[in-house]
Amino acid sequence: MKLKKQVTVCGGAIFCVAVFSLYLMLDKVQHDPARRQNTGGNFPRSQISVLQNRIEQLEQLLEENHQIISHIKDSVLELTDTGAISPSGHLPFRSNNGSWVMPFDGRPTFLSLRPRDCQFAQLRRGPTELQTLDVNSLLSFDNVDGGVWKQGFEITYEPGEWDDEPLQVFVVPHSHNDPGWIKTFDKYYSDQTQHIFNNMLVKLAEDPRRKFIWSEISFFAKWWESVDIHKQEAMRKLIQNGQLEMVTGGWVMPDEANTHYFAMIDQLIEGHQWLERNLGIAPRSGWAIDPFGHSATMPYVLKQANLTSMLIQRVHYSIKKHFAASRSLEFMWRQAWDQGSGTDMFCHMMPFYSYDVPHTCGPDPKICCQFDFKRLPGSRVNCPWKVPPKAIVDTNVAERANLLLDQYRKKSKLFRSKVLLVPLGDDFRYDKTVEWDQQFQNYQRLFDYMNSHPEMHVQAQFGTLSDYFNAVYKANDVAPGTRPPDFPVLNGDFFSYADREDHYWSGFFTSRPFYKNLDRVLESHLRGAEILYSLALAHVRHSGMESRYPVSDYSLLTEARRNVALFQHHDAITGTAKEAVVIDYGNRLLRALVGLKRVIINAAHFLVMKNRDVYRFYQSEPFLETDDRRATQDSLPQRTLIELDPNTPRYLVVFNPVEQDRLCVVTALVSSPHVRVLTEDGQTLPVQLSAQWSSALQVNAEVYQVSFMARLPALGLAVYHLYETADSPMTMRSETVMRMAPGTGAVRGLDPLPLRMQIADAQPFFINSQALSLGFSGTTGLLETIRRKDESQEMRVQFQFVTYGTRPSKDKSGAYLFLPDGRAKPYTQREAPVVRVVEGPLFSEVVTHFQHFQQTVCIHNVPGVEGLSLDVSVLVDIRDQANKELAMRVTTDIQSEDTFYTDLNGFQIQPRRYFHKLPLQANFYPMPTMAYIQDSQHRLTLHSAQALGVTSLDSGQLEVILDRRLMQDDNRGLGQGLKDNKKTLNRFRLQLERRPGSSRVLDSETLSFPSIISHVTSAFLNHEVLALPVVAKHGVPPLRTFSPLPTPLPCDFHLLNLRTIQSQQDPQSPSPFTALLLHRKALDCRLEVQNLGFNCSTSHGQLSVSSLFRGLDLQLLQPTSLSLLYSGTPLANDSTVTLDPMEISTYKLKIC
């Protein structure tokens, strides 16, 4: 009878929703003033347009109404068919098939992806002349000896080729300064970099023809802030008269393989904002000579920041040779998803082995080295080719000038214009006064001779990078940044990089994974702190309470921005610095994390106050605790314990950092098993109580884990109450089974949690949720099958762990290189693993303990995104190994053949192909956030919370390197192996999706996009909720949920950042303005869409910013370039902004 009654109530709800929605739609049309005008038959064009828009809105409303009704119907039918309505109506219970069933949520959700928003992923793009995947397919990678240019070919020319148009040569002096590598950032600065700047002031001023470029703003800012105003003015003058150019202008020259696009952009903003505030300049050209391979994300980021040109260097030597042979070293780099040419960036690829002087003047390093005048006899540095430079004097200038010109001419034959770029520098060059004199004086004598002899048909001079690019544009009669006639267009990326032989730089994709994971944690905290601080500050200003709020927390944000930015350097996040330098980076990151947690808890304190008039801030008495703590920079986090009190509730504030409502499991540690969890309005929530394990066989007797299902507002803060009470029927205990071989040892349970022992056998065992059934090997305890509950067939999804050694020859794997000793071997150990199986109403998990790692596979029994994938974590400890690399392999029956997909910087997807003609290590690629394989039926995605190296060596496989311990240097300058491994937690989500109606033909294209579920899953993984306990046990003022968004963003929008802009007067203080960075994601809608657990709709890329934030007024809405250096015309405050799929846009706001 009760079941019948509930079904009737649900049916009535359906009818009410339908009637009310139709009433709203009719009312909307009836009150449309445009519709009441023009009662005659002639409609003006504008009215027709309005009518079309109204019809589209009506269609959208109908579609959303249909989605709501459909989901309610489905829920009712599911409950009716399975008998899955709790006997009590509220408590979770076990259904007939053994899985736990949660109470019916009662809040319908809908999914409404407009067809036009789905078309972008399926549109065909016109072919480009160069596609890196095709180039890799074409090349034989045979490494033929090219003569003096070992990796190239012989270059010849006719003497009269420049008679009609002289060769223009721009020699560009530079000094590459790593913000940490062999020495720490501060040590490099004190020992070398500060002297480069001091010498620059004097030596550039001696001759206005002298030029120089600088890239790393982190070093420049440190010098600038240490010198007096006279030196600052002298430096500013050099920049204003064009002798010194700031190139790229980022805080660092970032790695492009492991970095996330949030951090890539943030370090660029930090550098550009510093340049604007202190020098009033905006960089025009990009300079990336040392990142180990190049991502297609970087040209897009620079383009959005209004740079017009860029330069790259570290590209596979065979690709360089191929591009040189077709004179394609300069090209327009276009995004693969661009339907036109709006993302085109002019790019120059350096043709030779390195960016040092022997490899930049021309193809013969033996000759070019003779024109590196730092290597003059008597110097500490010499030429490996045994022919030293000669000082330029009157008696040898003609011979030396002709020898150098020959190299210039040969190099110029590789390009399409008669303008030549010749970089002149190396690592930490020009730190001694004598080198400035040696280089500039000798080269000026050569230039003077060349330029005074018309028969040489050359014009040579010092120049900046933009001097060179401007000359190329002028020679081709096009505007800066515009495609010169007949220059090729390229899309794709330049991974993986090899500098010689089969030495592929694919090891650094995983090196020091502990810090790669810590970096991602920092980025999530930084974004969360930026958003909460900006919202709190706006509400503080709205309420006139600035004097009572810790506005000074802005200095903590600034410090964190700069420390996270510093870690994006191409020897930091890569894991390729000396051990002492890694410790320095780690301490900086930990300091930043502590500061960001403080910003978050201070902002959350203000925002959850029900009555802000009673808000008080005390520096020494924080209102909230942090969710976890790290004792040292290289230790794993320890979660905060909440001491329950039988006499008073404890409060927990939970922060959701994503821009969508979130239905998820929240977990906290408590001191008692007798716990109740209530919502803000007093509703008791179902709770799963579990043990906290300190080792494979030992339970922590003082701590309990409590998990509950929470619905969190987008970018919001929810408040929960925790009580210590007598046992509640809403608090359910996890059931634990220990599967062990005989004689493994005894395990003592923890009252009142049930625990039983079971002798492990070969029979598979299973855990279940309402959405999934997972099968595990009885022998290994590792996952073997996945079955979705709406399918009868199991699918093989098999985990295996394997190890690589390093080759026995002289060249071995190191921090940079991956040089394995063949295919991986299965990981084995003598003892059977200890397997712990935990089952409960909210989550079930299998924890498998091996000697060198512990894998946990968990499924959440909640509706929506959280319940549609497997939570996989691997705790790795290989500190007792030597020259071993541990990998996790997933094997399936998916017919992926030789194709797989990896992301670039968490921003876009790059299709990959396994090339059998290449060595194994060449087929590994960076995976910052995800990789997937697919066929016409399924897609399997491995989402990652840290950057690691990934491949697919066989059809149906994905393999990711988890950690690497290597005992030797790999001869790339570091001088150390990788022996400072930490106990490291790698976190993943494994997601299996159906692809109804998909075609293999479509998959062969050079373009792919994640589904909406995949995008949200990645966001949930990389932006975990933060559970912040209220410190006080007594006298807590009334708290309430903070929901900053009246409605969530369209679900293809990502709020990349809400960044308070610094004051022009004091960089440690906030200005009244905020930068809003939005990214509209592209969706592959051909994958089956399931219930996301929140309302999801798209809007053709339109967003009303004025109504974005609840309770705040928008006083300025101004489009800007990505890094805020170029401002557009302010828009009306009630304007709607529009983004194209994949577009990232920045707006300057004033909200209060």
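These legends walk through several close-up views of a predicted model.

Residues are numbered from 1 along each chain as its sequence is written. In this predicted model, local features need pLDDT of at least 70 and side-chain atom pairs count only at pLDDT 80 or more, while totals for chains, interfaces and linings use all residues, and side-chain values use heavy atoms, with hydrogens and water left out.

View 1. Let's begin with a single residue. Arg 334 sits in the loop that runs from strand S10 (330-333) to strand S11 (345-349); helices (H or I, at least four residues) and strands (E, at least two) are DSSP runs, numbered from the N terminus. With a relative accessibility of 15%, Arg 334 counts as buried. Here buried means under 20% relative accessible area, exposed means over 50%, and partly exposed lies in between (1.4 Å probe, protein chains only). The side chains of Arg 334 and Asp 344 make a polar contact at 2.7 Å. A polar contact is a pair of N or O atoms within 3.5 Å; within protein, one must be able to donate a hydrogen and the other to accept it, and residues adjacent in sequence count only if both atoms are side-chain atoms. Leaving aside residues up to four places away in sequence, Arg 334 touches several others, among them Thr 128, Gly 340, Val 489 and Asn 491. Touching, or contact, means heavy atoms within 4.5 Å.

**View 2. Leu 201 in helix H6.** Leu 201 has its place in helix H6 (residues 185-205). Is Leu 201 buried or exposed? Its relative accessible area is 11%, so Leu 201 is buried. Not counting residues up to four places away in sequence, Leu 201 touches Trp 223, Lys 231, Ala 234, Met 235 and Leu 238. Leu 201 and Asp 431 are 230 residues apart in sequence, and their C-alpha atoms are 12 Å apart in space.

View 3. A disulfide is a covalent bond between the sulfur atoms of two cysteines. The cut-off used here is a pair of cysteine sulfur atoms within 2.5 Å, and a search of the whole structure finds four disulfides. In the one between Cys 118 and Cys 1085, the sulfur atoms are 2.1 Å apart. The torsion about this S-S bond is about -80°, so the disulfide is left-handed. Cys 118 lies in helix H4 (residues 115-119) and Cys 1085 in the loop between strand S47 (1070-1080) and strand S48 (1096-1097), so the pair ties together parts that are 967 residues apart in sequence. Cys 118 is buried, at 9% relative accessible area, whereas Cys 1085, at 21%, counts as partly exposed.

View 4. Cys 361 is joined to Cys 368 by a disulfide, S to S 2.0 Å. The torsion about the S-S bond of this pair is about -90°, so the link is left-handed. Cys 361 and Cys 368 are both buried. Another disulfide joins Cys 1051 to Cys 1096, S to S 1.8 Å. What is the handedness of the link of Cys 1051 and Cys 1096? With 65° about the S-S bond, that link is right-handed. Cys 1051 lies in the loop between strand S45 (1026-1029) and strand S46 (1053-1062) and Cys 1096 in strand S48, so this pair ties together parts that are 45 residues apart in sequence. Both of these cysteines, Cys 1051 and Cys 1096, are buried. With the bonded cysteines of the protein chain numbered in sequence order, the pairing reads 1-7, 2-3, 4-5, 6-8. Cys 858 is in no disulfide, and the nearest cysteine sulfur, that of Cys 664, is 13 Å away. At 8% relative accessibility, Cys 858 counts as buried.

View 5. The protein chain is divided into domain 1 (166-490), domain 2 (515-746 + 755-1027) and domain 3 (1043-1151), with bounds that come from an automatic or database domain assignment. The centres of domain 1 and domain 3, taken over C-alpha atoms, are 36 Å apart. Their contact takes 20 residues from domain 1 and 23 residues from domain 3. Two salt bridges are counted between domain 1 and domain 3, a salt bridge being a side-chain nitrogen of Lys or Arg within 4 Å of a carboxyl oxygen of Asp or Glu. Asp 266 forms a salt bridge with Arg 1059, and the closest N and O atoms are 3.2 Å apart.
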